[in-house]
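Welcome! Please take a look at the sequence and structure shown here, and then read on for a short tour.

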Amino acid sequence: MKFTQPAAFSATIKTDVLAVCVSADDPTGLPPELDQAFDGTLSKTLAEEHFTGRPGSVLAVRSLGRIPATWVLAVGVGNWSASEHRLAAGAASNFARDKGAKTLAFATPASGIPGERDGALLRSVVEGTIAGNYRWDRYKGIDERKPPLATVKLMGLHRHRQALKVAVAHGQAQSLARDLVNASAEDIYPESLADEARKLASRQLKVRVWDEKKILSRQMGGIHAVGKGSSRPPRFVHMTYTPSGTPQARLAIIGKGVTFDAGGLSIKPSSGMQTMRCDMGGAATVLGVMSALDEIAPNVQVEGIFGAAENMLGGSAYKLGDVLTMYNGKTVEIHNTDAEGRLLLADCLSYASELGVDACIDLATLTGAAVVALGSHYTALFTKDDEFADTWKKRAEEAGEGIWRLPLEELYKDKLKADWGTLKNVGGREAGSITAALFLSEFVDGPTWAHLDIAGPAFLDSPEQYLVKGGTGAMVRTVLRWLEEY
């Protein structure tokens, strides 16, 4: 997808779709040149259809030869914020992809809008355009596929080369994460997910992969146990990005990489397994983020870490009542083999703590309880550090992603007391997402830490806003902003 920036708005621009931003304050306020080309009928149509200008809302009209564009699309931008422009751009490119368009012109009278001069508005529009145009059609027949937009013409936005470069990198990183989540578990399994990490290796990004023998020898009891029931053995992946200058900090991002989750011996029902290829959404986010670092060049050293395993049934599968010895030496008594993601993360968090990082986060499709509490739009945030929590709220708001802090209540740690080990791997039905986070906290030693439960937003069962059904690349844009602004 190529982005260009014509000098100014023109109703005679050659494009398949001409998208024009309309505000909630003036929902019939179109550029006079455009309305005149339709003899005033375009603004009249908006009024008759009660178009509100709500962010991301659209109303499409065929031009019927009045202008070179095939379609004119009114897109709502609410009160002109950068996030509202992201919704508008996503909706416009979503419409264009559905119509099989090759070119989209996106017009906004950006003069005087906050964030326009510093590139924040441009970044939002580009990110929304790429995300809205995304489709997963690898397994479709050739005649069923509609190609992505070839060219997007941005009218009215200030030229900002760095902002455009960074926004494209963010969009492509999110798309990579979505591709990995959407791919079949026959294509993405522990070894092939490790191969995706190897593909990212560069002069500044080094990749190390441990096989099952190394995992066992290094006493990563969680990763080994979860993966040993599958014919496809587990992998541990450690990627390191080193900036060209002196790094201002050393940060770790850790992902859950369960490439398929059958639940193990605590087997899921068939309906619960249908989309369980998405259970590596945290690792996909890590890979998406790491793929963008060479391009955006943050001045921090970044450790990208994930454990990858299939949680399957078999003669060698780990069992209820097993007591696992984890990387940091703590023992975990298994009460549910379907609470497997925290076992992978525990080993990874202990490993990251040994690296001496200043701060670390983990991302995981960890609990159904987070989905029940917050739905599909919000990531559940857990941290003991108020300042760190505020940072994540701000970065998520800038990225247009939902995040909500839940309590990391020490009182609930009693639910994790075990009879035979240090901890149980589940704390019961109540406060399930909180006890999962408390479990993980037992494996963090030193760095400032936050747990992000992306179980709700990582995979959509139906379209939401400008995102189609399937993987979303949840938190890729937010994490990248955190690394840039650290």
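This is a predicted model: local features need pLDDT of at least 70, side-chain atom pairs count only at pLDDT 80 or more; totals for chains, interfaces and linings use all residues.

Residues are numbered from 1 along each chain as its sequence is written, and side-chain values use heavy atoms, with hydrogens and water left out.

**Salt bridges**

- Side chains of opposite charge can pair when their charged atoms come close.
- A salt bridge here is a side-chain nitrogen of Lys or Arg within 4 Å of a carboxyl oxygen of Asp or Glu, and the count by this rule is 26 salt bridges.
- One of them joins Glu 484 and Arg 123, with 3.3 Å from N to O. Because Glu 484 sits in helix 15 (residues 476–485) and Arg 123 in helix 4 (residues 120–133), this pair ties together parts that are 361 residues apart in sequence. (Helices are DSSP runs of H or I with at least four residues, strands are runs of E with at least two, and both are numbered from the N terminus.)
- Arg 123 is buried at 15% relative accessibility, whereas Glu 484 is partly exposed at 24%. (Buried means under 20% relative accessible area, exposed over 50%, and partly exposed in between, using a 1.4 Å probe and protein chains only.)
- Glu 442 and Lys 330 also meet in a salt bridge, at 2.8 Å from N to O. Glu 442 is in the loop between helix 14 (432–441) and strand 17 (448–453), and Lys 330 is in the loop between strand 11 (323–325) and strand 12 (331–333), 112 residues apart.
- Salt bridges with shared partners join Glu 191, Asp 195, Arg 198, Glu 212 and Arg 235 into one network.

**A nonpolar surface patch**

- Leu 265, Ile 267, Leu 313 and Leu 320 form a nonpolar patch on the surface, with about 350 Å² of accessible area together. (Patch residues have over 30% relative accessible area and no salt bridge, and nonpolar side chains are joined within 5 Å; accessible areas come from the Shrake-Rupley method with a 1.4 Å probe.)
- Leu 320 lies in the loop between strand 10 (301–311) and strand 11, and is partly exposed at 47% relative accessibility.

**Helix 10**

- Helix 10 (residues 281–296) has 16 residues and should span 22 Å at 1.5 Å a residue, which agrees with its end C-alpha atoms being 22 Å apart. (The expected span is 1.5 Å times one less than the number of residues.)
- Helix 10 is mostly covered, with 13 of its 16 residues buried.
- Just after helix 10, Ala 297 takes a positive phi of about 50°.

Notes
Patches are made of residues with over 30% relative accessible area and no salt bridge: like charges are joined within 9 Å, nonpolar side chains (Val, Leu, Ile, Met, Phe, Trp, Tyr) within 5 Å.
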